[in-house]
Amino acid sequence: MNWNYRLLDRTEENGDYPLIELVEVHYEDDGSLMGYCAVSCIADHIEEMRQTFAWYALALDKPVLKLSDFLILKSTEEDDNRQAELAVAILNDADVMQEFDNDLWIKVDREMWNEFNGITDDEEDDDEQTNTI
């Protein structure tokens, strides 16, 4: 996966009031758009901050993206119901491992967790089966 900073025209979802946002765009291995996320400018030192701003500036020389450039999959009511059923099943079967102030660590069934998150066997990583909620 590759990524860079790009400008995203969000005018349509902003009541036709002009709005362009700097976002971090992620690409599939074939170069197609995968998704985007908000940008947060933080750094360990000023030189790292300078480099980040230089990368931001590169976005000004690229075409402005629109939301329609991203493939947005809409879930069906059946998909939503299955997700809700999986969420309840995961929580019902979960073993509480440890409680913190605002976090609850649980152990869940990996297959149900992967199905809930849309992870296929090919994508599965070697992380532990522990997740925080």
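Arginine 50 and glutamate 47 form a salt bridge in which the closest N and O atoms are 3.1 Å apart, a salt bridge being a side-chain nitrogen of Lys or Arg within 4 Å of a carboxyl oxygen of Asp or Glu. The model is predicted, so that local features need pLDDT of at least 70 and side-chain atom pairs count only at pLDDT 80 or more, whereas totals for chains, interfaces and linings use all residues. Residues are numbered from 1 along each chain as its sequence is written, and side-chain values use heavy atoms, with hydrogens and water left out.

Both partners belong to helix 1 (residues 46-58), where they lie three residues apart, about one turn of the helix; helices (H or I, at least four residues) and strands (E, at least two) are DSSP runs, numbered from the N terminus. Arginine 50 is exposed, at 52% relative accessible area, while glutamate 47 is partly exposed, at 48% (buried means under 20% relative accessible area, exposed over 50%, partly exposed in between, with a 1.4 Å probe and protein chains only).

The count of salt bridges comes to three, and those that share partners join Arg10, Glu13 and Glu21 into one network. Arginine 10, which counts as buried at 17% relative accessibility, pairs with glutamate 13 at 2.3 Å, N to O, and with glutamate 21 at 2.7 Å, N to O. Because glutamate 21 lies in strand 2 (residues 20-27) and arginine 10 in the loop between strand 1 (2-9) and strand 2, this pair ties together parts that are eleven residues apart in sequence.
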